[in-house]
Amino acid sequence: MDSNRLRRLAAEVDDEHREAMRTIHDDLASALRVPDDASANRRSFLRGAGFSGVVVAVGGLVLSLDAMVHAAAAQTTSTTTGDTTTSGAPTTTTTLPPRQPDDDDRALLGFVQSLELTAVAAYGIALDSKKLSDVTAGIAQIFQAHHRQHAQATGSLAGPAAPNIANGSLVAEFGPQFQAAATEKDLLQLAFEVENAAAATYAAALAEITGTDPAAVLASILPIESRHAVVLGQAIGLDIGDMSPAVENLTNAATPAKFPIEKG
Amino acid sequence: MDAQNNELRGALDHAEALLGGLSRRRFFRVAGFSVASAAVLAACGKDAATSTNIPQAGLTPVTTALPTRIIDDVTLLRTASSLEHNAIDAYQTLLSQITDAQLHDAISLFIDHHKAHATSAETATKQFGGDAFATKNPVVDAGIVQPALKLITDGGGQAADVVAFAYALETVAAETFQSFVPLLTKPSLRSAVMIVGGSEARHAAILAALIKDATAVAPMVTGTGSTTAAPTTTIVGTTTTLKGGNPPPVYQVPGIFQPLTPAEVGINRVTITADLLGPNSYMYVPASS
């Protein structure tokens, strides 16, 4: 195990990410700024409040949170129950959870960002190994880029709580395994496990995040990690049952308690 | 003008309800003229005394106050289980027609998964004080499933058509559950729908790999403006122009984030559009009498 190499890789990810995040923080500062008096009760609901036009700029790809959060509300309004078809005005929920992340949400989003940056580092080790074929190297590059964008998105939502570094505990856990991988199949198997862990971590985080805006973003990322896992599973010839469980397995989830963010 | 807009919207909504899960865009492609005519006729009646439009003859229809519909956690859970039953029912209908062993195994596994998903949603519905919805969603059945099954049957039950339909259905499920997340009031429920949504996304990715000309990953545009070409799978077949236009490319991994867009696939040389569920196809709690 070359721990210095791991630390250098994690630092490279850190530098790369900081450069990419420089303008994103400025762009989002006003949109995500929390009022000084926002020590709202966690259970308080803000009907119609919040930033209805929050936009997350991720590496030049502008995502409208409204489009992601309110896609369902944009549907038509006729309803069908049994044999009766009616049409009417859009309906609303009677109580609404908060849209913005609170401090606990931001801390958890920061942890998720560190997980994504760890995935970026892991794919970096895989690519540097030169053990991947042209096809799988191409896939790994794209998946690495996805995780980089996921890190930018979660980091934006975490705001000042974003660590902007790979998770040192996870790097210590997975890094040596990636370094020691002897074959392409070994690397892809490890990447498969990383993607499963990422999907599970997002599912676990959704059970904790209270703001609906960050929840919507997490819900748009989780399926991508799941799909990553399938592509990798097929590449290594896994049985369909092994790459497609009935539900995402939460026991694979990484948590801040199990993997504290610490600088390598 | 507001009254005219409301009537136009009512006509469009009613028409779309009749067509079930068809997206508004596809509806316009299919029957845009009919909708426009209805809108013109609806607009004529109100301002007959002062408008230069052709006056409407006959009695003005009596309108009935519309029932209030609440989109709450129970409604969304009922909708979730209804969608699972659509998948179970459709796959069970198709299973006997599937001769390809790999596809048969996949669909059999997915049936088991959807049964587990349905049970989970029904249990959660009861836990939150609602009546579980334990049958297929009628809007989805009328608008997506039955038309697709007919196309498949008319085409001789080709494996490619079964795969395309199943991919569309799983995509609708995956995206619908994703769309529920910001609507659900409880974080625990958001997590619960997405551990299922992740499974549906995996189903879609597995099926996408079996679709002709599908690709593993959508290409990305790098910062320098160049495109990272995604590795392609080799699919043997001819290129056919489908009725309704050829559907867009299919990817196992559609991009950085899972979009909330309709699934478009070709079935029996016809392009169908399957939209994720919305307020017009939710399974609301029946109004108490």
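**B:Asp154 and B:Lys150 are both exposed in this predicted model.** Exposed means over 50% relative accessible area, buried under 20%, and partly exposed in between (1.4 Å probe, protein chains only). The two side chains form a salt bridge with 2.7 Å between the closest N and O atoms; the term requires a side-chain nitrogen of Lys or Arg within 4 Å of a carboxyl oxygen of Asp or Glu. B:Asp154 and B:Lys150 are four residues apart in helix H5 of chain B, so about one helical turn separates them. An α-helix has 3.6 residues a turn, so residues three or four places apart point the same way. Helices (H or I, at least four residues) and strands (E, at least two) are DSSP runs, numbered from the N terminus.

Residues are numbered from 1 along each chain as its sequence is written, while chains are lettered from A and ligands numbered from 1 in the order in which they are written. In this predicted model, local features need pLDDT of at least 70 and side-chain atom pairs count only at pLDDT 80 or more, whereas totals for chains, interfaces and linings use all residues; side-chain values use heavy atoms, with hydrogens and water left out.

**Salt bridges with shared partners join B:Asp89, B:Lys136 and B:Asp141 into one network.** B:Lys136 meets B:Asp89 in a salt bridge at 3.2 Å, N to O. This pair links distant parts of the chain, 47 residues apart: B:Lys136 lies in the loop between helix H4 (101–127) and helix H5 (138–154) of chain B, and B:Asp89 in helix H3 (residues 73–95). B:Lys136 also forms a salt bridge with B:Asp141, where the closest N and O atoms are 3.7 Å apart. B:Lys136 has 31% relative accessibility and therefore counts as partly exposed; B:Asp89, at 26%, is also partly exposed. B:Asp141 is at 12% and counts as buried. Over all chains, the structure holds eight salt bridges.

**Strands E5 and E6 of chain B form a hairpin with two residues between them.** E5 (residues 263–267) and E6(B) run antiparallel and are joined by five bridges; two strands pair if DSSP finds at least two bridges between them. B:Gly266 has B:Thr271 of E6(B) as its bridge partner. In the turn, B:Asn268 has a positive phi of about 50 degrees. E6 (residues 270–274) is mostly covered, with five of its five residues buried. B:Val270, B:Ile272 and B:Ala274 point one way from E6(B), and B:Thr271 and B:Thr273 point the other way.

**B:Ile267 is one of the residues that touch the most other members of the largest nonpolar core.** This core has 121 residues, and A:Phe178, B:Tyr91, B:Ile107 and B:Phe165 are also among those with the most touching members. Helix H6 (residues 159–180) of chain B gives the largest share, 12 residues. A nonpolar core is a set of buried Ala, Val, Leu, Ile, Met, Phe, Trp, Tyr and Cys residues joined through side-chain atoms within 4.5 Å. Leaving aside neighbours within four places in sequence, the contacts of B:Ile267 (heavy atoms within 4.5 Å) include B:Ala148, B:Leu151, B:Ile152, B:Phe165 and B:Ile272.

**Helix H7 (residues 212–235) of chain A has 24 residues.** The span from its first C-alpha to its last is 35 Å, close to the 34 Å expected at 1.5 Å a residue; the expected span is 1.5 Å times one less than the number of residues. Of the 24 residues of H7(A), 22 are buried, so this helix is largely enclosed by the rest of the structure. Just after H7(A), A:Gly237 takes a positive phi of about 80 degrees. Chain A has eight helices and four strands, and 53% of its 264 residues count as buried.

**Chain B averages a pLDDT of 81, and 73% of its residues score at least 70.** The pLDDT is the predictor's confidence in each residue, from 0 to 100. Residues 1–48 of chain B have pLDDT below 50, and this stretch has 57 contacts in the model beyond near neighbours in sequence. Residues 224–239 of chain B are also below 50, with 27 such contacts. Where pLDDT is low, the predicted coordinates should not be read in detail. The model scores ipTM 0.75 and pTM 0.74. Chain B has seven helices and six strands, and buried residues make up 52% of its 289 residues.
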